[in-house]
Amino acid sequence: MGSPCTVAKGLSCRMEGLFWQLVLLITLYVGFFLCLSNNFKGKAAGSKKPNFIIILADDMGWGDLGVNWEESEDTPHLDKMAQEGMRFVDFHTAASTCSPSRAALLTGRLGLRNGVTHNFAVSSVGGLPLNETTLAEVLKGAGYRTGIIGKWHLGHNGFYHPNFRGFDDYFGIPYSNDMGCTDTPGYNLPPCPSCPQQPKTASCHRRDCYTEIALPLLENLTIVEQPVNLTSLTQRYMEKAIEFIQHASESGQPFFLYIALSHMHVPLTFHQDHANRSSKGPYGCTLREMDYLVGRIKDKVDSTVRESTVIWFTGGSSAKQTTWEGGHRVPAIVYWPGRIPGNVTSPVLLSILDIFPTLVFLANASLPSNRRFDGLDVSQVIFGNSLEGHKTIFHPNSGAAGKYGVIQTVRLEQYKAFYVTGGAKACHGGPGPEVHHDPPLIFNLAQSVQEKVPLDHSAAEFRTVLPKIERTLAALLQDIATDNVSSADYSQDPSVTPCCNPQHVVCRCEPTNS
């Protein structure tokens, strides 16, 4: 038998061994869960915050994308991106006109919440309410460099300007490309004239032709050209986007770039390099020019920040004002090599409203407090881990029949109910007849995606789904009624119209180097 000292020393050794085994187990246990956590976050952000590029096309139809419609042949670069990323075939804008759809993208909230229910004018005093927090503001607060290139259309006066809404850099037009005359008016039906050189040298009988003010091009707070040359604008956008990506990648700072194109909004314009390259005439040539821009931006990303950059392409609206599928079902592609599975076509029901909460999650940032959101974090959907999107989405009146912003159409799974139809501008220029439906028209989109044949009111299917739709709509309206909602200022004052030279009839000024 050993001495007491030997026994004590052995016991001490055993106790010390047990202690270090316990420490090792705890370390492994904590490390395991940290690994899981980091792996989960890694799916979202990798070793650092990912970069984000949102490319928003204007008035692009769902079938304009070649991979969506076999007769389309003018989007080879977008088709390639869809093959290398994830394409969504049931993706919807939040409104079928310009300002409301952009406000929804940048706030994750419907117009009844964020206050933007219809378009702002060239003389609008207000814009997206200042108490609404934009995606750019959230990401800027999370350490991102932020930029917008293209069409803003959420207010240009004072603090509504994008430089005061979270964007470090701005290069583009303050509203739609038809809201001011140019010397390159492009294709429209009927056409609008060029800007007059002298007072009363031109006139236009169309109510929506702007002959008294030229369309401006802004770089941050400065008008650098008025009227803007629309035929070279796409090239300038592309150069600015590539420059922004290059500078941001060199700095190592994560970036958010929002590219809001005028394609395919009228007037249709394109550079001569894209002329006669489509069998579909000016529309196809304009589409090809837009596709070329997307391809160049993707090439730049692939050569610099490929593994850390998400590109999300979608449309803002596809047919003015209407809540039929053609008005709000838009193309959507999400591309992130190595993170988002390639060559996947997803049937999940998603919305442009989802971009805000999804990018906030991927940036490891927090949603603004004291308000509710209509969008969902769909990161697990785009990573290929989930097929759970929206069960319901809501379509507001965007300028057709009835009051602006009011929910007139409800989508519940494969069912879609219309409470009001008509009122939008028809091809002949006048509004279609306004029709209120009580009970609503209900379509089963799984059987009639063209919305040709509504369910019979006496059918069991109709009687089963109608109460569910009515409860869904009532719940949304109650939720909005108890939310922190905003109200936009739609008042107008001619003095706030962007003008670089008030002495000229259309504010014409010489372009500056930009």
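Author: Cys-192 is partly exposed, with a relative accessible area of 23% (partly exposed lies between buried, under 20%, and exposed, over 50%, for a 1.4 Å probe and protein chains only). The model is predicted, so local features need pLDDT of at least 70 and side-chain atom pairs 80 or more, while totals for chains, interfaces and linings use all residues. Residues are numbered from 1 along each chain as its sequence is written, and side-chain values use heavy atoms, without hydrogens or water.

Cys-192 is joined by a disulfide (cysteine sulfur atoms within 2.5 Å) to Cys-209, with an S to S distance of 1.9 Å. Both Cys-192 and Cys-209 sit in the loop between strand E5 (169–172) and strand E6 (217–219), so the bond ties together parts 17 residues apart in sequence. Strands here are DSSP runs of E of at least two residues, helices runs of H or I of at least four, numbered from the N terminus. The torsion about the S-S bond of Cys-192 and Cys-209 is -95 degrees, and this link is left-handed. Cys-209 has 11% relative accessibility and counts as buried.

The count of disulfides comes to 4. Among them is the pair of Cys-499 and Cys-507, with sulfur atoms 1.9 Å apart. This link of Cys-499 and Cys-507 is left-handed, at -100 degrees about the S-S bond. Cys-499 is partly exposed at 27%, whereas Cys-507, at 8%, is buried.

Another disulfide joins Cys-500 to Cys-509, where the S to S distance is 2.0 Å. The torsion about the S-S bond of Cys-500 and Cys-509 is about -110 degrees, so that disulfide is left-handed. Cys-500 has a relative accessible area of 29% and is partly exposed; Cys-509 is buried at 19%. With the bonded cysteines of the protein numbered in sequence order, the pairing reads 1-3, 2-4, 5-7, 6-8.

Cys-285 is buried at 2%, and Cys-98 is buried at 1%. Cys-98 belongs to helix H3, where the buried residues also include Arg-102 and Leu-105. In H3 (residues 98–107), 10 of the 10 residues are buried, so the helix is largely enclosed by the rest of the structure. The cover over the buried residues of H3 includes strand E1 (51–57), helix H4 (111–114), helix H5 (135–141), strand E8 (255–260) and helix H9 (355–362). After H3 comes Gly-108, which has a positive phi near 70 degrees.

Definitions and conventions
Contact means heavy atoms within 4.5 Å.
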